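Student: Could we go through this model together? I'd like to know what stands behind each label we use for it.

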Amino acid sequence: MLSSKLKGRTTWIFDLDNTLYSSSIGIFNQIDLKMKKFISIKLKISEDDSFKLQKKYYKKYGTTLYGLMRNYNIDPDEFCNYVHNVNFNKLSKSKILKDRLRSLPGEKIIYTNANYTYAEKVLNKLGIKEVFLDIFDIKKTGYIPKPMKKSLNQLIKKYKLNPGKTVYFEDLKKNLKYSSSIGFTTIHISNESIDELDSYIDFRFKTIINALDVIIKVLKIEEKNEH
Ligand SMILES: [Mg+2]
């Protein structure tokens, strides 16, 4: 039941990219291309080879950056500044999103594999920065990326989260696996039409607005029933 997985939840964790805004806006595509360029320049290899390395590290470690730090001692600030320097023109303020987020009872935290400066920029573009208690960025985990358990464990420790009272929104399924196994309510934001939900996904919605609309309605009904 939807309500039993949402009732009494006090903390709401949000991934940033392709979760709080649509992937169709293309910000991530720009970052993807910048990564390829950065690696090619830094390691003096062709863009084809750099793309292969980029994807290999992403798959193996969770972020390309982690692979570059481990294997080539790349400076994470230099990498982040370069790849996050993208065009944000397509992102615009969303009053609906802000209102919906505000309606959720409890604390909201951003949990991202990107860095703080970039995340702050995106949130400001969307006009929702002040809704969040904090941004748990990649620097705060010591560059340990999602979906590594160590990353989520740090998030839990930092904000003293009770997994049974926490809801987590993500567009990447793999990032929800471990959180589900330790008791988080998991919400997959995805446009793909998949008939069956994986066991570690509690709910799937096409957009964040869809998700929040339904959740707020459910919580309101619960509230009414209790009074
Ligand atoms: Mg994402």
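Predicted model: local features only at pLDDT ≥ 70, side-chain atom pairs only at ≥ 80, totals over all residues.

Student: What makes up domain 1 and domain 2 in the protein chain?

Tutor: The domain assignment puts 3–23 + 91–226 in domain 1 and 27–83 in domain 2. Eleven residues from domain 1 and ten residues from domain 2 take part in the contact. On the side of domain 1 that touches domain 2, there are five nonpolar, four polar and two charged residues.

Student: On to the sheet. What is the order of the six strands, and is the pairing parallel or antiparallel?

Tutor: The order is β3-β2-β1-β4-β5-β6, the sheet is open, and the pairing is parallel.

Student: Why do β3 and β6 stand at the edges?

Tutor: β3 (134–136) and β6 (203–205) each have a single partner strand, so one side of each has no neighbour in the sheet. From one strand to the next, the twist averages 25 degrees.

Student: How do you know that β2 and β3 count as paired?

Tutor: Pairing takes at least two bridges. Strand β2 (residues 107–111) and β3 have three, in the parallel sense, so by that cut-off they pair. Ile109, for instance, has Asp134 in β3 as its bridge partner.

Student: And what joins β1 to β2?

Tutor: Four bridges join strand β1 (residues 11–14) to β2, and the two run parallel. Here Ile13 stands opposite Ile109 in β2.

Student: Why is β5 called largely enclosed?

Tutor: Buried means 20 or more other C-beta atoms within 10 Å of a residue's own. Five of the five residues of β5 are buried, so the strand is largely enclosed by the rest of the structure. Thr185, Ile187 and Ile189 point one way, Thr186 and His188 point the other way, and all are buried.

Student: How many bridges does β5 have with β4, and how many with β6?

Tutor: Strand β4 (residues 166–170) is joined to β5 by four bridges, running parallel. β5 and β6 pair over three bridges, also in the parallel sense. His188 turns up in both pairings: in β5 it is the bridge partner of Glu170, and His188 stands opposite Arg204 in β6.

Student: How far is Asp198 from Lys59, in sequence and in space?

Tutor: They are 139 residues apart in sequence and 20 Å apart in space, C-alpha to C-alpha.

Student: Last, the helices. How do you describe two packed helices?

Tutor: By the angle between their axes and the distance between the axes. For helix α5 (residues 95–103) and helix α9 (residues 208–226), the axes come within 10 Å and cross at roughly 35 degrees.

Student: Which residues of α5 and α9 meet?

Tutor: Ile96, Leu97, Arg100, Leu101 and Ser103 in α5 meet Ile208, Ile209, Leu212, Asp213 and Ile216 in α9. By class, that contact has seven nonpolar, one polar and two charged residues.

Note on methods
Residues numbered from 1 in each chain as written. Domains from an automatic or database assignment. Contact = placed C-beta atoms within 7 Å. Nonpolar A, V, L, I, M, F, W, Y, C, P; charged D, E, K, R; others polar. Axes fitted to C-alpha atoms, helices over the stretch in contact; angles between N-to-C directions. Buried ≥ 20, exposed ≤ 12 C-beta atoms within 10 Å, placed from the backbone.
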